[in-house]
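Work through each task before reading its solution.

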Amino acid sequence: MHVGNLPPEVLATILKLICEERHYRINKWISRMGILAVCRQWRLLALPMVYKKVSIDNIDKVRTNMDLMTDTMAHYPRALNIWVSCDDGNSVRRLQDVVEKLHAKKSMLHRVFNLHLHVDFTALPTDGDSDDDNDDSEVSLVETEKLQEVACSLKTLFPKISTLHCHINIAEAAGLVFETALLKQYVSQLVKVEVNSLALTPEMCFTDTISDLSVWWYPDSGSIPSINTNRMTKLELAGIDEAFDWSTFAPKDSTESNVLYFPVLQHIFVDVWYMPEDADNDDEESEGTLVVPRNAFSNVLNAPRLRVLKLRLCPFTCSFIASIAAPKVFKILEIFTLSDLRFEFFGFRLSEAAKKLFTKYYDEHSTHGMIDDMKFVNELQSTKELEYHSLSVHIDGPIDEIIHRINWPRVTRLFISTPISLCNVLLLIGSLLPNLASLKVENIIVEEQDDGSLVIPELCDSSLATPIECNLKTLEFGFDTSRDCVKDLSEDFSRFMIQTVKSLQCVAFSNSKR
């Protein structure tokens, strides 16, 4: 059947999947606009989908993208992405120009509820002389006033904003000034927000309807303003340390400040940041030694609807998991370690046996290496009391050195982002991971010949062509090279894997280094 003969509702579903991709940049949004030029039917179906979320890249894209909108499209935009960057130190001027151009289209943007700001501030003029001894981190009074005016202008342009995502370079003081001013404009009406912690001030007061909170934490930050957690469904805290004040999330009327109650919370991600001991010491032997807090999480997490838990906590993990009030089944339980190993459980039942296993492991190891974490995963595989549907493992460490320590009969998905030889790929598929259904290897090792061509050494070994009986269905691969001339190599590898692994249904090439 030709695509033009598809029923309108089927075609609309396909176009919706294309247009509503969650993560996209400017070039992807512009490429979607090509859908509108295919034919009249596609245009009628895709017009509200394409313009539901509009992306603007600096002043030039305001002219080209926004001028394409007509009055009949004014009710379409719901979300706006603004990308502003400048290498000549005029980021503030560039931001002002974008806002001025948007004012010309104000009547078409009155229904925007979702605002994503990506602003990269470069070095700005400072008060006083520009001597080398001056502190260039301060923003001049004139620039501060301009940034505050821009924040006020955005509030005038988009008065109904309920979702605000700030991706602003606060390494420059101008970024912090602008983000703080913008947050003050919108804080009392936000339902979903992503901000840097340094932009939060004590006098800010979030709305009681806030549902999604994502904070990039910085060590010099104070504390998060008091928040009503009754409607919070998603919480992300990145870069916190063991001194983080969790009392922000304690109910105001509770007598127990260590009990954190989230009645409807479904998703939580927590990332703990550790400082190396003797960071200022030049002694090379002290490098890599981590400060490991004991019993760092002393609160009780009461979240009866929690289904997605992602932890990058290391020894913090055991006390956090143990703090969860009642046994439950997680849709996803994702745990990161210091040794570049990450495992992701699906359908994980958090029982007392599971809590004891996590506590036992993290109490025994104050620091973590790849071998220790491999032992832990091996124990997870052999513990019958643990109930989970499937387990996915991501290895970003020296896989070739520890591959023979793997004993993971219950792993169904594996992602390896470090270089690995073809022999070890076949070893994983054939014997070490008997139930593996999906494999992604980003960096298969290749060698350069004298004539400049690239080869996989093991492909010349006829003994490796023996058929493998396994359950692998999907394979995505790339090569450990940044060169572009890998088309023939990828075809040879794909042909070899299809002949060797009879169960394969899908083979895809995606070179991450290109």
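**Exercise 1.** With which residue does Glu 100 form a salt bridge, and how far apart are the closest N and O atoms?

*Solution.* The model is a predicted one. In it, the salt-bridge partner of Glu 100 is Arg 93, and the closest N and O atoms are 3.3 Å apart. A salt bridge requires the nitrogen to be within 4 Å of the carboxyl oxygen. Arg 93, Asp 97 and Glu 100 are linked in a network of salt bridges.

**Exercise 2.** Is Arg 93 buried, partly exposed or exposed?

*Solution.* The relative accessible area of Arg 93 is 39%. Buried means under 20% and exposed means over 50%, with partly exposed in between. Arg 93 is therefore partly exposed.

**Exercise 3.** Find the salt bridges of Lys 440 with Glu 442 and with Glu 476, then classify the exposure of these residues.

*Solution.* Step 1: Lys 440 and Glu 442 meet through their side chains in a salt bridge, at 4.0 Å from N to O. Step 2: Glu 476 also forms a salt bridge with Lys 440, with the closest N and O atoms 4.0 Å apart. Glu 476 belongs to strand 19 (residues 474-479) and Lys 440 to strand 16 (residues 438-444), so this pair ties together parts that are 36 residues apart in sequence. Step 3: Lys 440, with a relative accessible area of 28%, is partly exposed. Glu 476 is partly exposed at 27%, whereas Glu 442 is buried at 16%.

**Exercise 4.** How many salt bridges does the structure hold?

*Solution.* The total is 8 salt bridges. Among them are the pairs Glu 100 with Arg 93 and Glu 476 with Lys 440.

Technical notes:
Residues are numbered from 1 along each chain as its sequence is written. This is a predicted model: local features need pLDDT of at least 70, side-chain atom pairs count only at pLDDT 80 or more; totals for chains, interfaces and linings use all residues. Side-chain values use heavy atoms; hydrogens and water are left out. Buried means under 20% relative accessible area, exposed over 50%, partly exposed in between (1.4 Å probe, protein chains only). Helices (H or I, at least four residues) and strands (E, at least two) are DSSP runs, numbered from the N terminus.
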